[in-house]
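Here is a short briefing to read alongside the model. Have a look at the structure first, then we will go through a few topics together.

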Amino acid sequence: MNNILLPAGNTQLPGVFHPACHPSDKTLIISHGFRGSKDGGGRAICLAETIAATDVNVLRYDFTPLQNLSCQIAELTAVVAYSRQTIGGQLFLLGRSLGGATSLAVTAIDPAISGLILWATPWNLSATFRLALGAHYEQLAAGSPLQLTDEYGDLLLTPEFIQDFAHHNLLAYVQQIKQRPLLILHGTADTIVPVSQAQTIYELAAKPKKLILYPDGDHHLAAQSSQAGEAIASWLSKF
């Protein structure tokens, strides 16, 4: 496990590279969700170690905090470029929640991405953030910045954060991905991104595709993270 800094425009993103236990031409790049981190409360570390043990390199990193989707797409594009230059081989993307939307967009734009994994990923960002932010969403929609402190820490968002959603048609991105494998993981009890969103993505996606639903799984798949890791490792082994 190696700590690295990933160049992305005028900034550097902190990252961690987990080399596969044996030399490998596959690398999985993991993008975290809104207000998340590359460590994912420890779950992303365990996932990376599980995948690296199955002969797949893993790169996890932190986005610049609380940036809009367009900015996250630019940062992941830079991470992909760095990975091509320094690691090479096949690149697979895995994104959680908003990081999944970012990974979806980059896969649609970049035909050289080998495959995509979506973990609790929305296609309807407005509906998702209405659920995530509750009444605070309407404050942003009315044009006022949002500042609050909760169990996740301090949050400061400008209206531009949700205005940026209009620049990205995530279902169109789904339809742009052809002849590349897609794995979708989702909990049936997700209260932030309802499972119907995962089902819509699956229905629109081209083959090969696979949808795994976890009964009673929440937005983080907190109780099913080990199962999800095993499913990802098994899926990657086929390509």
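Let's start with the cysteines of this predicted model. The sulfur of Cys-21 has its closest cysteine sulfur in Cys-46, 17 Å away, which is too far for a bond. A disulfide would need the two sulfur atoms within 2.5 Å, and the structure holds zero disulfides.

**The two cysteines**
- Cys-21 is partly exposed, because its relative accessibility is 45%.
- Cys-46 is partly exposed as well, with a relative accessible area of 46%.
- Seen from Cys-46, the closest cysteine sulfur is that of Cys-21, at 17 Å, so a bond is ruled out by distance.

**Arg-180, a buried charge**
- You will find Arg-180 in the loop that runs between α7 (170-176) and β9 (182-187).
- Arg-180 is buried but has no salt bridge. Asp-110 is the nearest side chain of opposite charge, and it is 5.8 Å away.
- A polar atom of the Arg-180 side chain does lie 3.2 Å from the backbone oxygen of Ile-113.
- Leaving aside residues up to four places away in sequence, Arg-180 touches Thr-107, Ala-108, Asp-110, Pro-111, Ala-112, Ile-113, Ser-114 and Pro-208.

**Helix α9**
- Helix α9 covers residues 225-236, twelve in number. From first C-alpha to last it reaches 16 Å, close to the 16 Å expected at 1.5 Å a residue.
- Its buried residues are Ala-228, Gly-229, Ala-231, Ile-232, Ala-233, Trp-235 and Leu-236.
- Those buried residues pack against the helix α1 (43-52) and the strands β3 (26-31), β5 (90-96), β6 (115-119), β9 and β10 (209-214).

Key:
Residues are numbered from 1 along each chain as its sequence is written. This is a predicted model: local features need pLDDT of at least 70, side-chain atom pairs count only at pLDDT 80 or more; totals for chains, interfaces and linings use all residues. Side-chain values use heavy atoms; hydrogens and water are left out. Helices (H or I, at least four residues) and strands (E, at least two) are DSSP runs, numbered from the N terminus. Buried means under 20% relative accessible area, exposed over 50%, partly exposed in between (1.4 Å probe, protein chains only). Lys and Arg count as positive and Asp and Glu as negative; His and the chain ends are not counted. A salt bridge is a side-chain nitrogen of Lys or Arg within 4 Å of a carboxyl oxygen of Asp or Glu. A polar contact is a pair of N or O atoms within 3.5 Å; within protein, one must be able to donate a hydrogen and the other to accept it, and residues adjacent in sequence count only if both atoms are side-chain atoms. Contact means heavy atoms within 4.5 Å. The expected span of a helix is 1.5 Å times one less than its number of residues.
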